[in-house]
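Student: I'd like to learn how to read a structure like this one. Can we go through it step by step?

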Protein chains: 2
Amino acid sequence: MKELTMAIVGYGGMGSYHAHALIPDAAHIHLKGAFDIDPARQQAIADDGFVSYPSYGALLADPEIDLVLVATPNDRHKPLAIQALNAGKHVISEKPAMMSPAELEEVLAVAKDAHREFFTHQNRRWDPDFRVITEIVESHSIGDVFRIESRVHGANGIPGDWRHYAKYGGGMIRDWGVHLLDQLLFLLDGPISRVTAETSTILGNDCDDGFTVRLDFASGIRCVVEVGTTNFISLPRWYVKGTKGTAEIIDWDLAGEQVIATGVDTTAPAPIRAGVGLTKTMAPPAENAVRHAALPAGTPLAESFYDNVHDVITAGAARIVKNEEVLRLLRLIDAIFQATETGQSVGFE
Amino acid sequence: MKELTMAIVGYGGMGSYHAHALIPDAAHIHLKGAFDIDPARQQAIADDGFVSYPSYGALLADPEIDLVLVATPNDRHKPLAIQALNAGKHVISEKPAMMSPAELEEVLAVAKDAHREFFTHQNRRWDPDFRVITEIVESHSIGDVFRIESRVHGANGIPGDWRHYAKYGGGMIRDWGVHLLDQLLFLLDGPISRVTAETSTILGNDCDDGFTVRLDFASGIRCVVEVGTTNFISLPRWYVKGTKGTAEIIDWDLAGEQVIATGVDTTAPAPIRAGVGLTKTMAPPAENAVRHAALPAGTPLAESFYDNVHDVITAGAARIVKNEEVLRLLRLIDAIFQATETGQSVGFE
């Protein structure tokens, strides 16, 4: 099996996370070194036992390097990726791949000319919670799924760095949004007919500190994607409705359940008092009308992100993260920006 | 204190609930009798110890009756209210007051000419959960509230009667929607600049079986109002965000809490692993950065709905439910229907 040697540009939170947590798990990829413009991080690279290149040029000039990870602020992905491709390296970009679909098209053209592979680290396709939701959709355990709500809530605001600024590609649409939207595009078939969106700017940054997006798929499935950084209480990570039940995943620890209609008792339940009023509609279903089921284990993907990158480069394997999918994702994000600017929903596909 | 004598037209679930649960608590209102077109319900009226009038005409011809409650399907509110007003009775209508703002304007004109009072039973202004939210907003316990999400979720579908049909005024917008929207209009000041809405028709009725509405107030406060009848798991009844914290009420039993920033520790928390990735943004705040507080008791209203009705009629007291508020509510519902038909958000006020 051919081994690949790798380097990282941008040794911040994400770059060093790849170095410590992700690349060591890759079977046939070895991290040699990294470059960062910050002297303290250059020192950290050396302290971590890697080659600390004195410049990006020096990194790209190293003939041992097959593959470069770009883990810088978002506005730097394009020039750094193009430089690496032109230097004959394969490239992985942190998400969002680029600032716009046009940027990605430009990079893909360069990759094609250079006969090199370009990848985007859409790693949350591998998240255990998302794999559980995938199995629920594919197994029809709650019937045909017609609504998926995907939320990530925090209370820390936007992290205190370049992510505060639109010009560097900051904001939550380009941060968590990219992940959550990618998951749904990957999971569900067919075109998205309509996009509705609202953003929060309560923290006073020039980019969004949270958003709610509604995606109407042509199939009839409707999705809500929400990210908040001013939420001191979190709503469930996933809330999924099917024709025969509802599923919920509360948090990253995968607490949650499926509640499924048994079909046994279809008589209307007795009205209950709710507040000062009476409600038949909102009374709990009869006890034997529903059953509670554990969440499934989750449909696994064929291999890890890095193993797939290796196999694509060395053996022409099928990609798990396809560039046309990432291009569609960036087009969707453009549609979301358009919807938030106009206050109107926009047609998409 | 002048006593009022009352009758009910429509002795279904709501009419009989007024008879058994609400009117007995009114200090100076006495229920004499009722009329229903259904013979079985006519018998129930008598069995319950009330006068079972043989016709609506006979009810209105009874000179002892001061006040009539209309608790019929929604499309019948207008003709029955007008008949009663013209017979010299004061009228309470179940919600929604009327099928349209135009209908309500017509009824209010009749009431004015007849020198009689018309009321709408917007009783959920008295709901304990709503009074708690009112206190949270008014006390600024979580800072300035900028987002309110109000949800009611059930799994029973639309109740199996006239509420299935648009022509009778069925659907959830005209059912729970009227209540939840009324609460927010009553709570929050100032105009609503924009209305965005989506409906669910997954059950195949010709009216909505659930909906999500977004109200953008000119003040900057944004509200989400959601009703579902195909939700086997319920999201929290209330989810409220303020500049200093978040509050949540889970269900009718008022379980829930406020989580409030202490301002003590503003350092960013350490990144956590979430799924296969790393997140600083979504890491829980440091332990001393927030405190958990019980929900407040709730701001009480001056008097009960029926006591207020009595005092308005007999002593010209100020109304708690004002007709111009109900008219605005019906106009908002028209805007919601418009938004759902066009798929676009609409300007409102």
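Predicted model: local features only at pLDDT ≥ 70, side-chain atom pairs only at ≥ 80, totals over all residues.

Student: Okay, which domains does the assignment give for chain A?

Tutor: Domain 1 covers 4-121, and domain 2 is made of 125-254 + 295-301 + 331-347. Their C-alpha centres lie 27 Å apart.

Student: How many residues of each domain are in contact?

Tutor: In chain A, 11 residues of domain 1 are in contact with 12 residues of domain 2. Between them, these two domains bury about 960 Å², and carbon and sulfur atoms give 55% of that. On the domain 1 side, Lys95(A), Met99(A) and Pro101(A) lose the most area to domain 2, together 48% of what that side buries.

Student: And how many salt bridges cross the interface of domain 1 and domain 2 of chain A?

Tutor: The rule finds two salt bridges there. Take the pair Lys95(A) and Asp175(A): they form a salt bridge whose closest N and O atoms are 3.4 Å apart. By class, the side of domain 1 of chain A that touches domain 2 has five nonpolar, three polar and three charged residues.

Student: Now the chains. What relates two copies of a chain?

Tutor: In general, a rotation about an axis and a shift along it. Here, a rotation of 180° with 0.0 Å of shift superposes chain B on chain A, with an RMSD of 0.0 Å. That is the relation of a two-fold axis. In chain B, Gln344(B) has the C-alpha nearest the axis, 2.9 Å from it.

Methods
Residues numbered from 1 in each chain as written. Chains lettered and ligands numbered in written order. Heavy atoms only, no water. Domains from an automatic or database assignment. Contact = heavy atoms within 4.5 Å. Buried area = accessible area lost by both parts, 1.4 Å probe. Salt bridge = Lys/Arg side-chain N within 4 Å of Asp/Glu carboxyl O. Nonpolar A, V, L, I, M, F, W, Y, C, P; charged D, E, K, R; others polar. Least-squares fit on C-alpha atoms with pLDDT ≥ 70 in both.
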